[in-house]
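Reader: Could you walk me through a few features of this model, one at a time? I'd like to know how to read each of them.

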Amino acid sequence: MVNSSQFPYFLLTAYLDMGYLKYFCFVIVLLLYIVIVVANALLIVTICMKSSLHEPMYVFLCSLLVNELYGSAGLFPFLLLQITSDTHTVSRSMCFLQIYCLYTYASVEFCNLAVMSYDRYLAICCPLHYKAWLTSNKVALLIALTWLYSFLKFLITLCLNLRLTLCGNIIDRLFCYNYDVVLLACSETTVNNIYGLYATFLSVLVPLIPILFSYSKILRVCLVGSKETRQKAISTCTPHLASLINFSFGCFFEICQSRFNMSSVPRILRIVLSLYFVIIQSLFNPIIYGLRLSKIRQMCKDQIYCKKL
């Protein structure tokens, strides 16, 4: 049996030999990262500084945007370093850290979207009890549980990976991915596979239940409610649904790519879609919420205008 200490690093083979074009790609990725950081940070600062936005919906949105910065920080600096490098290697410790960061990002994102759907259900279906049921303490507790649940769940995954003895170090991806590391193991991986399926099931089911419950109730109210109720539901739920669908598509492709043979899909398309769930979501959320929620849109305009003055 080959000792895992013989592989102090992983080799990422999905990077194409682009010659001098790699510097152009570096600039594009860097600009994307700057836009993501500025857009998300602008909304976070706006929500934090404006007392009129200290409502549950905007506090949950702030948590979602902080998670976009967290997920982007786990991917972009690594991509920028790898794009300009001639040898696409990553140390074991950095690889496992990136896996933990991206997996917790995905879990927090999905759970945060689930909490936001519950918030919309209370606001639309139980408006008279909204403030009584969703106090500032309950909002803080829900956000804390969202992050703590995700961090603890994937801490177990990380611990299970660290104990593996690896017989290879080649990963055909742009970044480290948990299932690809498990496939390199020459030690027993039954526990990893079982817990991996269990964690995936939990990651989908736990957020999915409140999402389906909330939107079934919202749909019922919209069908029998007034025109004003339907307009309120559409204006506040549209950005949330768009974000949820967008993120679900990115995660679905990632799961398919890890579990099934995707060799029939063009390589460039696989590379683009493998980055979709972090890059597009991190760009999409500040744009869709900034444009669709009039209160935030106006506050952002005021903030930018004041800075110019």
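Reader: Let's start with helix packing. At what angle do α3 and α8 pack, and how far apart are their axes?

Author: Keep in mind that this is a predicted model. An angle over 145 degrees counts as roughly antiparallel. Here helix α3 (residues 92-125) and helix α8 (residues 227-259) pack at about 170 degrees, and their axes are 11 Å apart. That makes α3 roughly antiparallel to α8.

Reader: Which residues make the contact?

Author: On the α3 side they include Y105, F110, L113 and M116. From α8 you get, among them, A233, C237, H240, L244 and F247.

Reader: Okay, on to charges. What is the idea behind a salt bridge, and how many salt bridges are counted here?

Author: Side chains of opposite charge can pair when their charged atoms come close. For this model the count is 3 salt bridges. In one of them, D86 pairs with K22, with 3.0 Å between the closest N and O atoms. D86 sits in the loop between α2 (56-83) and β2 (89-91), while K22 is in helix α1, so the pair ties together parts 64 residues apart in sequence.

Reader: Which helix gives the most to the patch?

Author: That's α1, with 3 residues. F24 lies in this helix. Both α1 (21-49) and α9 (267-274) supply at least two residues each.

Key:
Residues numbered from 1 in each chain as written. Predicted model: local features only at pLDDT ≥ 70, side-chain atom pairs only at ≥ 80, totals over all residues. Heavy atoms only, no water. Axes fitted to C-alpha atoms, helices over the stretch in contact; angles between N-to-C directions. Helix = DSSP H or I, 4+ residues; strand = E, 2+ residues; numbered from the N terminus. Parallel < 35°, antiparallel > 145°, perpendicular 65-115°, else oblique. Contact = heavy atoms within 4.5 Å. Salt bridge = Lys/Arg side-chain N within 4 Å of Asp/Glu carboxyl O.
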